[in-house]
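Please open the structure in a viewer and keep the selection tool at hand.

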Amino acid sequence: MSALPPATRDWLAGPALARLWSGARKRLESNGVQSTGSLRLTAVSTQERNDLSLLLGKPLTGTAVTVRLDALDERLRTSAAGLGLRQVLEELGPPLTDRRAAREENAAQRQHVWASLAASLAASPLAGQEWTTRWSDVLRRTGVPKGVTPEAAARTLQQAVQVLTVLLDPKRTGTRGRGELATSATGSAHGLDDGTWLARLVQRGIALAHGTDLPGDAAGRRALWRLVSVTPDEVSSTVLTYGLRPLGEDWRARSLRERANHRAETHLTSRDLLDVRLHLPAKTVVHICENPRVVEAAADVGCSQTLVCTSGSAATVVLTLLDTLASTGCHFAYHGDFDWPGIALANRIMRRYGAQPWRMGAEDYEHLATRSQAEGIPQLPLVGQPVSAVWDAGLAPAMAALGVALHEEATLDLLVEDLSAPL
């Protein structure tokens, strides 16, 4: 229930005094919620001037009015309102925020966070090491991520010091899994997952301690973990392949060739790619597809060509395999979905590897669209923002004109025909 008499509240809340209360609110919130200083209103209308005159108890003239807030506070207390300026503002709107006090509290909390980091470093075996000063300075400059409370920030920084102390111990031997390390520091096996603030803190510390750059991609981050004998998860993410026949007589190369000869697809993990020497014959053309169904169809009929599947957007393990193949002189041919996300994915592969389009031109699209319509296949609408294809300037306009999305399954017979060509 309002502490203001109803009639008084209705009058004070009228539009003629709205600018006064808005300006007064901003002034009080910025100066410690004190009714001090003055407020100047310009371009005052006749109704505003009349109501201000009644409120302040003195005649006002002209189109500009200066209001002393201490005088306004006193006037309100002795009027029918019977409340000071702060109380009136809170009766007419939300509670006032003491922004000065909030700034001071935030500054004190930030100081506590960094003081906590300094104390953690000083109490650890890392104390006195040259890189820790640079690490601390970088963290201060980058600041605490938005949404992280001071308490959580201090705790995470302490955990980072704890993890770095373990990783950089010169007496430490053997390797540890990243999930195991995260559990010991945070209680969660996911505490050091890629993208977490704790992982970024630790990775920056590792990079500084070893005098190396902070990597910007997942493969580089995994290499950084291995630098301190931490094994990231290198077995859960895989790349789907078919027909890989690497040279060499080690058991891994023989195993891949045997699976290829038996028309069997192969899932390779990141760990496999660390161990396997994938040297294919010079100038081997590796076909790349987006959908696993293409691999399945190729295996069903025993296609002879080499095939790598991105399974949608190419994950790090896919790019790692393709990078390896590219380094040995392989060439690439790419096919994906005829929709806007599919064109964006194709652009990424085309640019990175100089891949050739594989039945991915405007004529291919138009032929498939016409064929699917003639076969009575329901037409899938093409939605989203158009994406230009880097390999064919006419593809995006052709797709936009027909407005039909075509997934790889619509091309399956033609792709399998190409993959069946003799080596």
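In which strand does Thr306 lie? Select residues 306–309: this is strand 8, and Thr306 belongs to it. The model on display is a predicted one.

**First stop: Thr306**

With a relative accessibility of 6%, Thr306 counts as buried, because the cut-off for burial is under 20%. Display next the residues that Thr306 touches beyond its neighbours within four places in sequence: Tyr242, Gly243, Leu244, Thr284, Val285, Val286 and His287. For His287, a distance may be drawn between the C-alpha atoms; His287 and Thr306 are 6.1 Å apart in space and 19 residues apart in sequence.

**Second stop: an aromatic pair**

The structure contains three aromatic pairs. Select Phe332 and Tyr353, whose ring centres are 5.3 Å apart and whose planes stand at 55°, so the pair is tilted. The two partners come from distant parts of the chain, 21 residues apart: Phe332 is in strand 9 (residues 331–334), and Tyr353 is in helix 16 (residues 340–353). Are these two residues buried or exposed? Phe332 is buried, at 4% relative accessible area, and Tyr353 is buried as well, at 13%.

Select residues 18–30 for helix 2 and residues 69–77 for helix 4; their axes come within 12 Å and cross at roughly 115°. This crossing is left-handed. To see the contact itself, show the side chains of Leu20, Trp21, Ala24, Arg27 and Leu28 on helix 2, together with Leu69, Leu72 and Leu76 on helix 4. Seven residues of this contact are nonpolar, none is polar and one is charged.

Move to the loop between helix 5 (85–92) and helix 6, where Pro95 is placed. Is Pro95 buried or exposed? Pro95 is exposed, since its relative accessible area is 61% and the cut-off for exposure is over 50%. Beyond its neighbours within four places in sequence, Pro95 is in contact with Arg25, Glu29 and Glu90. Then select Ala260 together with Pro95: their C-alpha atoms are 72 Å apart in space, and the two residues are 165 apart in sequence.

Ser124 counts as buried, with a relative accessibility of 12%. Which residues does Ser124 contact, leaving aside its neighbours within four places in sequence? They are Val161 and Thr165.

Select helix 7, residues 130–142, and helix 10, residues 197–209. The two helices pack at an angle of about 140°, and their axes are 9 Å apart. Their crossing is right-handed. On the side of helix 7, show Trp131, Arg134, Trp135, Val138 and Leu139; these meet Leu201, Arg204, Gly205, Leu208 and Ala209 of helix 10. By class, the residues of this contact comprise seven nonpolar, one polar and two charged.

Now select residues 150–167, which form helix 8, and residues 178–186, which form helix 9. At what angle do their axes cross? The angle is roughly 130°, and the axes come within 10 Å. Helix 8 and helix 9 are therefore oblique to each other. The crossing is right-handed. Helix 8 contributes Gln159, Gln162, Val163, Val166 and Leu167 to the contact, while helix 9 contributes Leu181, Ser184, Ala185 and Thr186. Among these residues, five are nonpolar, four are polar and none is charged.

**Last stop: Ser420**

Finally, go to the segment after helix 19 (412–419) and select Ser420. At 37% relative accessibility, this residue is classed as partly exposed. Apart from its neighbours within four places in sequence, Ser420 is in contact with Val301, Cys303 and Ser304. How many residues along the chain separate Ser420 from Val301? They are 119 residues apart, yet their C-alpha atoms are separated by 8.2 Å.

Key:
Residues are numbered from 1 along each chain as its sequence is written. This is a predicted model: local features need pLDDT of at least 70, side-chain atom pairs count only at pLDDT 80 or more; totals for chains, interfaces and linings use all residues. Side-chain values use heavy atoms; hydrogens and water are left out. Axes are lines fitted to C-alpha atoms, for helices over the stretch in contact, and angles run from 0 to 180 degrees between N-to-C directions. Helices (H or I, at least four residues) and strands (E, at least two) are DSSP runs, numbered from the N terminus. A crossing is left-handed if the near helix is turned anticlockwise from the far one by less than a right angle, and right-handed if clockwise. Contact means heavy atoms within 4.5 Å. Ala, Val, Leu, Ile, Met, Phe, Trp, Tyr, Cys and Pro count as nonpolar, Asp, Glu, Lys and Arg as charged, and the others, Gly among them, as polar. Angles under 35 degrees count as roughly parallel, over 145 as roughly antiparallel, 65 to 115 as roughly perpendicular and the rest as oblique. Buried means under 20% relative accessible area, exposed over 50%, partly exposed in between (1.4 Å probe, protein chains only). Rings of Phe, Tyr and Trp (its six-membered ring) pair if their centres lie within 6.5 Å; planes under 30 degrees apart count as stacked, over 60 as edge-to-face and the rest as tilted.
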